[in-house]
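The stops below go from a helix pair to a sulfur link and end at a loop residue.

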Amino acid sequence: MRKTATRLRLAGALAAALMLGGIATGPTAQADERHGKEPTLADLAQRHGRYFGSATDNPELGDAPYTALLGSEFDQITPGNGMKWYATEPQQGVFDFSQGDEIVKLARANRQKVRGHTLVWHSQLPEWLTGREWTAPELRAVLKKHIQTEVRHYRGKVFAWDVVNEAFNEDGTYRESVFYKTLGPGYIADALRWAHQADPRVRLYLNDYNIEGIGPKSDAYYKLAKELKAKGVPLHGIGLQAHLALQYGYPTTLEDNLRRFSRLGLDTALTEVDIRMQLPATEEKLAQQAEWYRDLTEACLAVRRCVGITLWDYTDKYSWIPAFFPGEGAALPWDEQLAPKPAYFAIREALGGR
């Protein structure tokens, strides 16, 4: 832990933020500084050759104060749900890209890049896919069509895809999804190849949670990535979701883990960052959370091929945590009133800002 003075300073930052009434933002760091405004997190990250982004979701886009901050503080967006299978192919062979398109349009208006999320996942699948048995040839054809139709639709509009999401269990064994049980582990390589065929320029990732530190699950991804690279399968990066919780401890081997994937020739990214706590939030918990956000940011900056950080939405107002983890929350750098918390200032300082 950092010295007490640092903790107290971070713990008091929330009060300072409330007095400030928010942080002035602008389109570029240079323009901001010429006009006496603070550079944004994205501006600061760009100085290090990184992006700093946020997830968002379609129901939130009618909230004007929220979208104003989303459009000014960040240079990258991930659609939280609008590109998932249930939304994009609600009936077999009938595609609907309206939700993803809305977010892409918003990102383009704000000169932000978009991360595609996600093509193959065991969850949030439509009933027509999960409600029947498939032969291997049938499901293989369905999977290929879904991947290639969606990737072609967003060709040139997204810079990266989370191609396969959450493929492993905690012990490093394969998750027994419908795809694994029907097609075997080769579905992952196939999904990457099909996505590459549909858009040869997009960056292709495997993405998962609880792989921030070195352990059985991240070891499984390291082994798989090494095998895929040796076979010439188009894999470009590993996404570490970084859904953390104060009560479970910080992943102290994060930087080492990022480095070992880099040595395979892969990019890494922190793709869905939030740090939840058991409620109520206290100054001590907010200070600890701020330290963790600082440490995550510094770990990414320390590894050249860690290309960016994305918050899993930036405000507690739209966090997924309370609905899935009763009694927990306060996971993000902005509170429910869109005021910056100590975590926000810790990130700024880690990026070299004031």
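**Stop one: a helix pair**

Helices H13 and H14 cross in a right-handed sense (a crossing is left-handed if the near helix is turned anticlockwise from the far one by less than a right angle, and right-handed if clockwise). To see the contact, select Leu-254, Glu-255, Leu-258 and Arg-259 of H13 together with Leu-296, Ala-299, Cys-300 and Ala-302 of H14; contact means heavy atoms within 4.5 Å. Six of these contact residues are nonpolar, none is polar and two are charged (Ala, Val, Leu, Ile, Met, Phe, Trp, Tyr, Cys and Pro count as nonpolar, Asp, Glu, Lys and Arg as charged, and the others, Gly among them, as polar).

This is a predicted model, in which local features need pLDDT of at least 70 and side-chain atom pairs count only at pLDDT 80 or more, while totals for chains, interfaces and linings use all residues. Residues are numbered from 1 along each chain as its sequence is written, and side-chain values use heavy atoms, with hydrogens and water left out.

The axes of H13 and H14 lie 9 Å apart, at an angle of about 30° (axes are lines fitted to C-alpha atoms, for helices over the stretch in contact, and angles run from 0 to 180 degrees between N-to-C directions). H13 is therefore roughly parallel to H14 (angles under 35 degrees count as roughly parallel, over 145 as roughly antiparallel, 65 to 115 as roughly perpendicular and the rest as oblique).

**Stop two: around H13**

Select H13, residues 254-263; its buried residues are Leu-254, Asn-257, Leu-258, Arg-260, Phe-261 and Ser-262. Buried means under 20% relative accessible area, exposed over 50%, partly exposed in between (1.4 Å probe, protein chains only). Their cover includes helix H12 (216-230), strand S6 (237-240), strand S8 (267-278), helix H14 (283-302) and strand S9 (306-311). Helices (H or I, at least four residues) and strands (E, at least two) are DSSP runs, numbered from the N terminus. Just past H13, click Gly-265, where phi is positive at about 85°.

**Stop three: the disulfide**

Show Cys-300 and Cys-306, which are joined by a disulfide with an S to S distance of 2.2 Å (a disulfide is a pair of cysteine sulfur atoms within 2.5 Å). The whole structure has one disulfide. This link is left-handed, with -100° about the S-S bond, and both cysteines are buried.

**Stop four: Arg-50**

Go to the loop between helix H4 (41-46) and strand S1 (51-56), where Arg-50 sits. Is Arg-50 buried or exposed? Arg-50 is buried, at a relative accessible area of 11%. Leaving aside residues up to four places away in sequence, Arg-50 touches residues including Ala-45, Asp-75, Cys-300 and Cys-306.
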